[in-house]
Amino acid sequence: MRMAFILFDDMTTLDFAGFHNAVTWLKKRNLIEDLSWDYCSNKQEVKDDRAMIIQVDRVLPVLAEYDLIFIPGGIATRQLIHDSTFIEWIRTAQEVKYKVSVCTGALLLGAAGFTKDKTITTNPLALELLEPYCKEVVKARAMRDGDVFTGGGITASIDLGLFFIESITNKEVVQEIQHYMDYPYYNL
(Lines give C-alpha, C1' and ligand atoms only; values in the text may rest on other atoms or scores of the structure.)
Protein backbone atom coordinates (compact mmCIF):
# COMPACT_ATOMS: atom_id res chain seq x y z
CA MET A 1 0.00 0.00 0.00
CA ARG A 2 1.34 3.41 -1.00
CA MET A 3 0.19 6.36 1.10
CA ALA A 4 0.43 10.07 0.35
CA PHE A 5 0.35 12.41 3.32
CA ILE A 6 -0.80 15.80 2.00
CA LEU A 7 0.89 18.67 3.84
CA PHE A 8 0.36 22.42 3.48
CA ASP A 9 1.21 25.71 5.17
CA ASP A 10 -0.77 26.41 8.35
CA MET A 11 -1.90 22.80 8.75
CA THR A 12 -2.37 21.43 12.26
CA THR A 13 0.47 18.95 12.72
CA LEU A 14 -1.32 16.95 15.42
CA ASP A 15 -4.05 16.23 12.84
CA PHE A 16 -1.35 14.66 10.69
CA ALA A 17 0.74 13.04 13.43
CA GLY A 18 -1.99 10.97 15.11
CA PHE A 19 -3.06 9.15 11.95
CA HIS A 20 0.53 8.93 10.71
CA ASN A 21 1.79 7.37 13.94
CA ALA A 22 -0.99 4.79 14.04
CA VAL A 23 -0.82 3.60 10.42
CA THR A 24 2.97 3.54 10.19
CA TRP A 25 3.00 0.97 13.02
CA LEU A 26 1.72 -1.41 10.33
CA LYS A 27 5.17 -1.26 8.74
CA LYS A 28 7.13 -0.99 11.97
CA ARG A 29 5.52 -4.23 13.24
CA ASN A 30 5.63 -5.91 9.78
CA LEU A 31 1.85 -6.24 9.75
CA ILE A 32 1.41 -5.13 6.13
CA GLU A 33 4.01 -5.90 3.50
CA ASP A 34 4.97 -3.27 0.96
CA LEU A 35 3.68 -0.35 3.01
CA SER A 36 5.29 2.94 2.02
CA TRP A 37 4.48 6.61 2.19
CA ASP A 38 5.47 9.99 0.86
CA TYR A 39 5.04 13.45 2.34
CA CYS A 40 3.50 15.48 -0.48
CA SER A 41 2.72 19.15 -0.94
CA ASN A 42 2.41 21.94 -3.46
CA LYS A 43 5.86 23.17 -2.35
CA GLN A 44 9.12 21.67 -1.08
CA GLU A 45 8.76 22.92 2.48
CA VAL A 46 5.70 23.71 4.60
CA LYS A 47 5.29 25.61 7.83
CA ASP A 48 2.55 24.39 10.16
CA ASP A 49 0.27 26.58 12.28
CA ARG A 50 2.86 26.65 15.09
CA ALA A 51 5.81 27.54 12.77
CA MET A 52 7.30 24.03 12.54
CA ILE A 53 9.00 23.58 9.17
CA ILE A 54 8.59 20.24 7.40
CA GLN A 55 10.43 19.09 4.28
CA VAL A 56 8.32 17.11 1.80
CA ASP A 57 9.33 14.18 -0.39
CA ARG A 58 7.32 15.05 -3.48
CA VAL A 59 5.91 18.27 -4.91
CA LEU A 60 2.56 17.94 -6.70
CA PRO A 61 2.80 14.24 -7.59
CA VAL A 62 -0.12 12.68 -9.43
CA LEU A 63 -2.06 11.31 -6.48
CA ALA A 64 -3.55 8.48 -8.56
CA GLU A 65 -0.20 6.72 -7.96
CA TYR A 66 -1.27 6.05 -4.36
CA ASP A 67 -3.66 3.70 -2.59
CA LEU A 68 -4.41 6.19 0.18
CA ILE A 69 -4.33 9.95 0.55
CA PHE A 70 -4.48 11.59 3.95
CA ILE A 71 -5.33 15.27 4.46
CA PRO A 72 -5.00 16.97 7.85
CA GLY A 73 -6.92 20.06 8.88
CA GLY A 74 -5.90 23.51 9.90
CA ILE A 75 -6.97 27.09 9.41
CA ALA A 76 -5.53 27.11 5.88
CA THR A 77 -8.21 24.71 4.63
CA ARG A 78 -10.67 27.59 4.57
CA GLN A 79 -8.51 29.37 1.96
CA LEU A 80 -7.30 26.27 0.10
CA ILE A 81 -10.87 25.32 -0.87
CA HIS A 82 -10.69 28.39 -3.15
CA ASP A 83 -7.21 27.60 -4.54
CA SER A 84 -8.04 26.03 -7.91
CA THR A 85 -4.51 24.73 -8.48
CA PHE A 86 -4.41 22.99 -5.10
CA ILE A 87 -7.90 21.50 -5.51
CA GLU A 88 -7.12 20.29 -9.04
CA TRP A 89 -4.10 18.52 -7.59
CA ILE A 90 -6.27 16.85 -4.93
CA ARG A 91 -8.69 15.77 -7.68
CA THR A 92 -5.91 13.63 -9.18
CA ALA A 93 -6.83 11.24 -6.33
CA GLN A 94 -10.22 10.46 -7.89
CA GLU A 95 -9.37 6.75 -8.33
CA VAL A 96 -7.48 6.36 -5.04
CA LYS A 97 -8.91 3.50 -2.97
CA TYR A 98 -8.88 5.32 0.39
CA LYS A 99 -9.47 9.05 0.83
CA VAL A 100 -8.86 10.04 4.46
CA SER A 101 -9.07 13.33 6.31
CA VAL A 102 -9.20 14.54 9.86
CA CYS A 103 -10.62 17.78 11.16
CA THR A 104 -11.13 20.40 8.43
CA GLY A 105 -9.12 18.38 5.93
CA ALA A 106 -12.61 17.14 5.02
CA LEU A 107 -13.23 20.56 3.44
CA LEU A 108 -10.50 19.79 0.90
CA LEU A 109 -11.96 16.36 0.14
CA GLY A 110 -15.29 18.14 -0.29
CA ALA A 111 -13.96 20.90 -2.52
CA ALA A 112 -12.39 18.19 -4.71
CA GLY A 113 -15.82 16.59 -5.08
CA PHE A 114 -15.11 13.38 -3.14
CA THR A 115 -17.80 13.80 -0.46
CA LYS A 116 -20.82 14.93 -2.49
CA ASP A 117 -23.07 11.94 -1.67
CA LYS A 118 -21.35 10.98 1.59
CA THR A 119 -22.00 11.25 5.30
CA ILE A 120 -18.86 12.69 6.87
CA THR A 121 -17.48 14.40 9.96
CA THR A 122 -14.97 17.05 10.95
CA ASN A 123 -14.01 19.08 13.99
CA PRO A 124 -17.21 19.73 15.98
CA LEU A 125 -16.47 23.47 15.73
CA ALA A 126 -16.60 23.30 11.90
CA LEU A 127 -19.49 20.94 11.16
CA GLU A 128 -21.55 23.63 9.41
CA LEU A 129 -18.66 24.45 7.04
CA LEU A 130 -18.98 20.96 5.51
CA GLU A 131 -22.70 21.11 4.78
CA PRO A 132 -22.33 22.39 1.17
CA TYR A 133 -19.97 19.51 0.33
CA CYS A 134 -21.83 16.39 1.44
CA LYS A 135 -25.10 14.57 1.95
CA GLU A 136 -24.90 14.76 5.74
CA VAL A 137 -22.51 15.98 8.44
CA VAL A 138 -22.43 14.14 11.77
CA LYS A 139 -20.46 14.56 14.96
CA ALA A 140 -18.14 11.54 15.35
CA ARG A 141 -14.55 10.73 16.30
CA ALA A 142 -14.03 8.53 13.23
CA MET A 143 -16.26 7.18 10.49
CA ARG A 144 -16.36 5.73 6.99
CA ASP A 145 -18.67 6.18 4.03
CA GLY A 146 -17.46 4.06 1.13
CA ASP A 147 -13.94 5.11 0.10
CA VAL A 148 -13.94 8.16 2.40
CA PHE A 149 -12.76 8.01 6.02
CA THR A 150 -13.16 11.16 8.12
CA GLY A 151 -12.27 12.07 11.68
CA GLY A 152 -13.38 14.73 14.12
CA GLY A 153 -11.16 17.35 15.67
CA ILE A 154 -7.40 17.23 16.10
CA THR A 155 -6.87 14.38 18.64
CA ALA A 156 -9.47 12.28 16.80
CA SER A 157 -6.66 11.69 14.32
CA ILE A 158 -5.37 8.85 16.51
CA ASP A 159 -8.85 7.28 16.65
CA LEU A 160 -9.19 7.66 12.90
CA GLY A 161 -5.86 5.91 12.37
CA LEU A 162 -6.89 3.00 14.59
CA PHE A 163 -10.35 2.87 12.98
CA PHE A 164 -8.75 2.73 9.54
CA ILE A 165 -6.38 -0.03 10.65
CA GLU A 166 -9.27 -2.06 12.04
CA SER A 167 -11.19 -1.53 8.78
CA ILE A 168 -8.41 -3.01 6.66
CA THR A 169 -7.17 -5.66 9.12
CA ASN A 170 -8.92 -6.87 12.29
CA LYS A 171 -9.48 -6.20 16.00
CA GLU A 172 -6.35 -8.10 17.06
CA VAL A 173 -4.08 -5.96 14.89
CA VAL A 174 -5.58 -2.71 16.15
CA GLN A 175 -5.26 -3.91 19.75
CA GLU A 176 -1.57 -4.69 19.17
CA ILE A 177 -0.99 -1.21 17.78
CA GLN A 178 -2.93 0.38 20.65
CA HIS A 179 -0.62 -1.48 23.02
CA TYR A 180 2.51 -0.14 21.33
CA MET A 181 1.07 3.38 21.22
CA ASP A 182 -0.02 3.15 24.86
CA TYR A 183 -3.37 4.51 23.71
CA PRO A 184 -6.24 3.08 25.80
CA TYR A 185 -9.04 5.30 24.51
CA TYR A 186 -9.94 3.77 21.14
CA ASN A 187 -13.16 1.78 21.33
CA LEU A 188 -15.39 2.54 18.35
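What follows is a walk through the sheet of this predicted model and the helices beside it. Residues are numbered from 1 along each chain as its sequence is written. Because the model is predicted, local features need pLDDT of at least 70 and side-chain atom pairs count only at pLDDT 80 or more, while totals for chains, interfaces and linings use all residues; side-chain values use heavy atoms, with hydrogens and water left out.

Let's begin with the sheet. Seven strands form an open sheet in the order β5-β2-β1-β6-β7-β11-β10, with mixed pairing. Here helices (H or I, at least four residues) and strands (E, at least two) are DSSP runs numbered from the N terminus, and two strands pair if DSSP finds at least two bridges between them. The edges belong to β5 (58-59) and β10; each has a single partner strand, so one side of each is left without a neighbour in the sheet.

Now look at strand β1 (residues 2-6). On one side, five bridges join β1 to β2 in a parallel arrangement, and A4 has D38 as its bridge partner in β2. With strand β6 (residues 68-71), β1 pairs in the parallel sense over three bridges, and there the partner of A4 is I69. Moving on from β2, two bridges pair that strand with β5, again in the parallel sense, with S41 bridged to V59 in β5.

M143 has T150 as its bridge partner in β11. Two residues lie between the strands of this hairpin, in which G146 takes a positive phi near 65°.

The helices come next. Together, β1, α1 and β2 make a right-handed β-α-β unit, meaning that, with the strands pointing away from the viewer, the path from the first strand over the helix to the second runs clockwise. Helix α3 (residues 84-91) lies across β1, β2 (36-41) and β6, and runs at about 165° to β1. Axes are lines fitted to C-alpha atoms, for helices over the stretch in contact, and angles run from 0 to 180 degrees between N-to-C directions.

Finally, the axes of α1 (residues 13-28) and α7 (residues 171-181) come within 10 Å and cross at roughly 115°. The two helices are therefore roughly perpendicular to each other (65 to 115 degrees counts as such). N21, A22, W25 and L26 in α1 meet V173, I177, Y180 and M181 in α7, where contact means heavy atoms within 4.5 Å.

Notes: Parallel < 35°, antiparallel > 145°, perpendicular 65-115°, else oblique.
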